[in-house]
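Student: I have a new model open and I'd like to learn how to read it feature by feature. Could you walk me through it?

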Amino acid sequence: MLSQLLKITPRVLTHEPMSKHTSFGVGGVADFFVTIENRSELERLLQLVQQYHIPSLIIGSGTNLVVRDKGIRGLVIRLAGEFRQIIVEHNLIRAGAGALLSKAVSIAAKNELSGLEFAAGIPGTIGGAIVGNAGTETGCIGNIVNQVEVLFVDGRLERLTRDSVEFSYRNSNLRKYIVINAELLLTKRDFLGIISTMNSILKKRQNAQPKGMGAGSIFKNPEGTFAWKLIRDTLPDGMRIGGAYISPKHANFILADKGAKADDVLRLMAYVQEQVKKDCGVELVAEVRVIGEEFDLSDWSDQSDNS
Ligand SMILES: Cc1cc2nc3c(=O)[nH]c(=O)nc-3n(C[C@H](O)[C@H](O)[C@H](O)COP(=O)(O)OP(=O)(O)OC[C@H]3O[C@@H](n4cnc5c(N)ncnc54)[C@H](O)[C@@H]3O)c2cc1C
């Protein structure tokens, strides 16, 4: 397998710790971690994946992920090189899926294009943002998407217009594809106006959100209320399990100490869900994506015996 991958690209890592590729900094190793820089490499890689039925997963900056401690059996793909390009054409920004959202935000501002201000301070790539419809209460990326280019696992390329993509609260129907690039439709606005909106959004974010190793909001806000309020009203400030704890600054942020286990994070998430359900009758739904091999029951009892 390694030799086949190396025929496609020299950028192949084996037994790569996923803690290095996620903002949570937890999780086990991926069997193979491949950085792909152009379409031809990606198409050849997908052929290989098809031919050998290799389980594979594409990631962006890993800012919305918890990778389980057992890691990922198969292939993790990261887009770089030409997938990081951002081109401006009149009111449109065409951004590769591997480009940073923050770069698109600043390029939009420099070109006096408005519509991305809401995304100031949201980490991650265009691909991750599009697939998860990243946003805040002031906007979401789905609102400004003009079209998205996607690859099917069989290598087929398709251009999806705005109408054929379904965006919902922190979700879309694009998870089954590989997003290659997206075209964002923006409107003209003066530079100072854009900067002033962005600055106030960033200030609000700094005041409300903690710094540390995490993945932003852990749970989606339930209809009509905020996840942080329910958690704050249910659990003690700063409650922790192992190396994972609820941020005292923002109860919907779980942060991890250096060296924490994904299992600490997952057990804390499960505990929060259980307690909020018990006290408030509300089922919190995870906003972060939990990926990787699961513990089987014997692993689980081994773990609890040790703790
Ligand atoms: C401090 C902090 C603050 C945050 N604030 C916000 C916020 O205000 N609003 C918000 O919405 N989010 C927020 N997040 C969460 C996160 O930044 C976003 O969800 C972001 O859009 C994820 O992008 P990513 O590139 O890191 O994706 P990843 O975490 O790498 O991946 C997320 C999902 O997208 C899929 N994916 C990634 N790229 C592609 C692709 N090219 N094709 C197909 N699937 C792909 C992955 O398989 C995975 O399922 C925050 C995170 C942190 C750490």
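Tutor: Let's start with residue classes: Ala, Val, Leu, Ile, Met, Phe, Trp, Tyr, Cys and Pro count as nonpolar, Asp, Glu, Lys and Arg as charged, and the others, Gly among them, as polar. With that scheme, the shell around the ligand divides into 14 nonpolar, 15 polar and two charged residues. Before we go on, note that this is a predicted model, where local features need pLDDT of at least 70, side-chain atom pairs count only at pLDDT 80 or more, and totals for chains, interfaces and linings use all residues. Residues are numbered from 1 along each chain as its sequence is written.

Student: How many residues surround the ligand, and which are the closest?

Tutor: A residue is near a molecule if its C-beta atom, placed from the backbone, lies within 6 Å of it. Here 31 residues surround the ligand, and the closest are Gly60, Gly124, Gly127, Gly128 and Gly216. The elements giving two or more residues to this shell are β3 (56-59), α4 (126-132), β9 (135-136) and β15 (178-185). Those names follow DSSP runs, with helices (H or I) of at least four residues and strands (E) of at least two, numbered from the N terminus. Helix α4 provides the largest share of the shell, five residues.

Student: Let me pick Gly128. Is glycine 128 buried or exposed?

Tutor: The rule is a neighbour count: a residue is buried if 20 or more other C-beta atoms lie within 10 Å of its own, exposed if 12 or fewer, and partly exposed in between, with C-beta atoms placed from the backbone. Glycine 128 has 25 C-beta neighbours inside 10 Å, so it counts as buried. It lies in helix α4.

Student: What does glycine 128 touch?

Tutor: Contact means that the C-beta atoms of two residues, placed from the backbone, lie within 7 Å. Leaving out residues up to four places away in sequence, glycine 128 touches Gly60, Ser61, Thr63 and Asn64.

Student: Where do I find a positive phi at a residue that is not a glycine?

Tutor: One is asparagine 133, with a phi of about 45°. Asparagine 133 sits in the loop between α4 and β9, and it is buried, with 20 other C-beta atoms within 10 Å. Histidine 90 has a positive phi too, about 50°, although it is not a glycine. You'll find histidine 90 in the loop between β6 (86-89) and β7 (92-96); it is exposed, with 10 other C-beta atoms within 10 Å.

Student: What about the nonpolar core? How many residues does the largest one have?

Tutor: In soluble globular proteins, nonpolar side chains tend to be buried together. A nonpolar core is a set of buried Ala, Val, Leu, Ile, Met, Phe, Trp, Tyr and Cys residues joined through C-beta atoms within 7 Å. The largest one here has 87 residues, and those with the most contacts inside it are Val66, Ile130, Val179 and Val265. Helix α7 (residues 262-280) gives the most to this core, with seven residues. As for valine 179, its contacts beyond four places in sequence are Ala97, Gly127, Ile130, Val131, Val148, Val150 and Leu174.

Student: And the strands? Which way do β1 and β2 run, parallel or antiparallel?

Tutor: Strands of a sheet pair through backbone hydrogen bonds, either parallel or antiparallel. For pairing, DSSP has to find at least two bridges between two strands. Strand β1 (residues 12-17) and β2 run antiparallel, joined by five bridges, with leucine 13 opposite phenylalanine 33. By contrast, β2 and β5 run parallel, with six bridges, and alanine 30 stands opposite isoleucine 72. Six of the eight residues of β2 (residues 29-36) are buried, so this strand is largely enclosed by the rest of the structure.

Student: Last one: where are the domains?

Tutor: Their bounds come from an automatic or database domain assignment. That assignment gives domain 1 (2-81), domain 2 (84-189) and domain 3 (210-302). The C-alpha centres of domain 1 and domain 3 are 26 Å apart, and their contact takes 18 residues from domain 1 and 20 residues from domain 3.
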